[in-house]
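Student: Could you help me read the salt bridges and strands here? I am new to this.
Tutor: Happy to; let us look together.

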Amino acid sequence: SMGAAGGWGASPAWPRAEAARSPVAWKEAPEAFAEGVASGDPAPQSVLLWTRISDAGSTRSVPLIVEVAEDPEFKAVIASARTRALAESDHTCRVLVGGLKPARIYWYRFTDERGRGSRVGRTRTAAAPDDPRPVRFTFVSCQNVCEGAQNAYRRMIFEDERAAPED
């Protein structure tokens, strides 16, 4: 709900009536979004999205646009919202996207006012409570960039992208 978004310090975003091509002039800029993007807290109708502006310096607030699409090319954008990455939260930004469909894959991205974009993230909403398919969880811990310990993430993504739709 809108109240939940505010309680989490997140901006709300809700789907529009019809999907449309993105009007945003987005160009991936990894130097501006060095920490990438993340999603979490999936529910059957919502998901929480996150990013951080890496090069904001002492700027108090960085305006951003978040877009959520049904396709990785953003030809079918179903939700977009204006939000801000604030200095008091280390220039991070959270957006609660509601009104989504259960057990669906969505793509999302953030863009600043100059058209500098985050990487494109892929997320999935939780299954509906009455969905008969089993749910599998993966847990990872103790990541260490210096020791190259991110192979577990690569493996999870690899297996998830190749899973059959019924899985």
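Student: How many salt bridges does a search of the whole structure find?
Tutor: Side chains of opposite charge can pair when their charged atoms come close. The search finds 11 salt bridges, each being a side-chain nitrogen of Lys or Arg within 4 Å of a carboxyl oxygen of Asp or Glu. This is a predicted model, where local features need pLDDT of at least 70 and side-chain atom pairs count only at pLDDT 80 or more, while totals for chains, interfaces and linings use all residues. Residues are numbered from 1 along each chain as its sequence is written, and side-chain values use heavy atoms, leaving out hydrogens and water.

Student: Which residue forms a salt bridge with Arg116?
Tutor: Asp55 does, with the closest N and O atoms 2.7 Å apart. Arg116 lies in strand E9 and Asp55 in the loop between E4 and E5, so the pair ties together parts 61 residues apart in sequence. Strands (E, at least two residues) and helices (H or I, at least four) are DSSP runs, numbered from the N terminus.

Student: Is Arg116 buried or exposed?
Tutor: Buried means under 20% relative accessible area, exposed over 50%, and partly exposed in between (1.4 Å probe, protein chains only). Arg116 is buried at 15%, whereas Asp55 is partly exposed at 38%.

Student: Where do Arg155 and Glu159 lie?
Tutor: Both are in helix H2, four residues apart, about one turn of the helix.

Student: In which sense do E4 and E7 pair?
Tutor: Two strands pair if DSSP finds at least two bridges between them. E4 and E7 pair in the antiparallel sense over six bridges.
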